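Here is a short briefing to read alongside the coordinates.

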Amino acid sequence: MSEPSPIVLVVDDEIQIRRFLRTGFELNGFVVHEAGTGAEAIRTATLRPIDLAIVDLGLPDMDGADVVERIRSWSSVPIIVLSVRSAEAQKVHLLETGADDYVVKPFGMAELLARVRVALRRQMRAVSGEPTVKAGPLTIDLAARAVLLNDKRLTLTPKEYRLLQVLAQHAGNVVTHQHLLKEVWGSIHVHDTHYLRIFVRKLRQKIEPHPDTPKILVTELGVGYRLVQSGAEGDAGTWSDSNAQAKTES
Amino acid sequence: MDNSPVYDRIRKQLPGIFITLALVGVLTAILFFLVWEVGLAHGSIVYLIPVVIAATRWGIVAALVAAVCGVFASAYFFYPPAYSFRVKDPQEVIDLILFVFVAVAVSQLANRLKRQLEMARQREIDVRDLYAFSRRLAVAFDVSDIHAAIEDHLASIMQRNVVLFASAREASDSSGRRAGMTVPQRVLSEVVEVASGHHDVVGGAIVTAESGEIWLVRAVSPKSREFGVLAINLGHESKERLNELRIRVDAVLADATATLERLGVAHAISEARMRSQTDQLREALIGSVSHELRTPLASILGAATVLSAAPALRQEKKLTALVHDVRDEAERLNNDIQNLLDATRISSDGIKPHVEWAEPADIINSAVERCRHRLSDRRVAIDVPPDLPLIHVDPILIQQALVQIFDNAVKYSESGSPIKVAVRTQDGRLNIDVTDKGAGLTTTEAAKIWDRFARGERHAATTSGSGLGLWIASAFIGANDGKVGATSDGPGLGTTVSIELPVSQDALPQLESGADE
């Protein structure tokens, strides 16, 4: 990376977690600031320039969701929360509050780094005003309202395009069902998940090389959908998959 | 306008008095005719008729008016000298006394009768209300239903606003707004006092609110505090009326608590409370265990992944293998903890599915993705036909059940063997079959694998596990109105686990027209 090292703020009350995150990030060329409490996190985010924040939800002094909300109230810095499994409602709430993404504990460094890179890239695109989003063979030109698959222009219905547009605007990040339904069909259809299912199915038929095993428009079960950006998923493998052969099966 | 009570009372009497006067007039005319035409000697006794009528129908005032008018009329028309109020005969005085006596006696009797009738009617209404109340209690589902029933019952009987607070905490937590009206602060604090047992006033305490309204605060039953504390808005009432109302509240509550006690409601309420406290305790325990065990695991796993990618270790093959072991074992431990947590959730009836319309293929793909590492040396084939119906389930629970089933298939099959996932719809149900070419099942095993802590005896020594996996899977599927079963051609011939989920075709909501605009 030719740009200066990105600065990441790690907010977690567990010193061991902060330590491995610091090592992991520094090995990958990041500068790390640490905060052990919510108050400290908000202070650091206010006083020092940061490119991204990692926020753990269980903080001693305040709820992680409040930290997200407070930082989000004045800053557009990407925020990734560390959540626990089986807390889909909480994840949805955090995403609505302003978090960009979540990683489920326990997680591997590679998984977190992949999410971080996606969030940073999105932030960069938002700043530069880059109008095209690439996801594998798919190119979405938000300015020209054109969708190309392998450089061939696709014909989408207005709703299909709108759905893809909202996902592209958050490319790489998960977008909640509620957000998509509100943006595409309006607030009164916020609970009509079946609309989404039907349209995602149609959209996948058009944009996915193998609609049965989608790789571009992927489902985050119980939470929402994610448009997987090209390049990002290459290093987004979970911590377990880089090690397929190491474990000897009984 | 003068609205004093005396004026009011007179005005209420007026129609009766007028009709009485008319009666006396008509009677006089008839008597006059009879005396002159037929030659009747004495008619004055006939004036008792209007007196009795007036006394029974309109009360003592009208009766006295009838008596006096009757005496005067007979004096004027019938006693000599005629057409003069002067009377020589002392009979006239006796008539007057007799008339007045009859008027007073009859009207008193009539009054008492009327009051008894009124009371009987009120009693009947009370009994009917009480009956409705116990019927409602019989169908009450939980504690709040019972409280609502008590509240409504009293409100309907007293014809006043009644608020019931289940506990001191409810009163102190509430801002005073309940059931569309505001309970004044002063009343609330009295409720808190009574509910926490500081004040124990028999018959309740009278509180005058800031607005001047009078409220009665009292425990529903002095014996069992489970029934809560009542605040009744009595409005602006005089002292005597207030006492009357208090007695009435006492009577109504005595009936109500007798019903509550007969139905054993106090016991039911305290049991329900205890259960909810146990629930809270358990949830707190699960939460803290989950946090306490997971946090160090998260550090171990995270640190291991950082180490495995560290340039310094990359050349050290043996050390890298060790780091991978740390990571894999931590992962296994994490799965075991998750299973224990899931098991705790299930055995306490804690699974509450968050159903939504879900794409079956999404659930399967996501389960396969979660098991990517474990499935990596199996030949996985997924056969999902296009145009599957959407299913109304909790996708997370189904996914977790599938993960358990995959886990099991991997555990009991050889490295490199195939695992096939096939989906089909049949008779309005969606079937997901997971087939492996592994150890298979004996008949006894097939019967037992869905039990908690079931471990195959043939494999207990060679494979690890808690025996919880398939039990969790079947509970999660069951929570979604599904069924799960296993079939095998015999030991060594592989196993097929089938998940069967309902597809409610007619319940599938259609897209509104214009949804595709």
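pLDDT is the predictor's confidence in each residue, on a scale from 0 to 100. This is a predicted model. For chain B the mean pLDDT is 80.

**Confidence**
- In chain B, 87% of the residues reach a pLDDT of 70 or more.
- For the complex, the predictor gives an ipTM of 0.81. The pTM is 0.59.

**Chain B**
- Chain B has 517 residues, and 33% of them are buried.
- Its secondary structure comprises 16 helices and 13 strands.
- Take the contacts in chain B with a separation of 6 or more: 64% of them join residues 24 or more positions apart.

**A helix pair in chain A**
- Two packed helices are described by the angle between their axes and the distance between the axes.
- Helix 6 of chain A covers residues 158–169, and helix 7 of chain A covers residues 177–185.
- Their axes come within 9 Å and cross at roughly 135°.
- Angles over 145 degrees would count as roughly antiparallel, and 65 to 115 as roughly perpendicular. Helix 6 and helix 7 of chain A are therefore oblique to each other.
- The crossing of helix 6 and helix 7 of chain A is right-handed.
- Helix 6 of chain A brings A:Lys159, A:Arg162, A:Leu163 and A:Val166 to the contact. Helix 7 of chain A brings A:Leu180, A:Glu183 and A:Val184.
- By class, this contact between helix 6 and helix 7 of chain A has 4 nonpolar and 3 charged residues, with no polar ones.

Definitions and conventions. Residues numbered from 1 in each chain as written. Chains lettered and ligands numbered in written order. Predicted model: local features only at pLDDT ≥ 70, side-chain atom pairs only at ≥ 80, totals over all residues. Helix = DSSP H or I, 4+ residues; strand = E, 2+ residues; numbered from the N terminus. Buried ≥ 20, exposed ≤ 12 C-beta atoms within 10 Å, placed from the backbone. Contact = placed C-beta atoms within 7 Å. Axes fitted to C-alpha atoms, helices over the stretch in contact; angles between N-to-C directions. Parallel < 35°, antiparallel > 145°, perpendicular 65-115°, else oblique. Left-handed = near helix turned anticlockwise from the far one by under 90°. Nonpolar A, V, L, I, M, F, W, Y, C, P; charged D, E, K, R; others polar.
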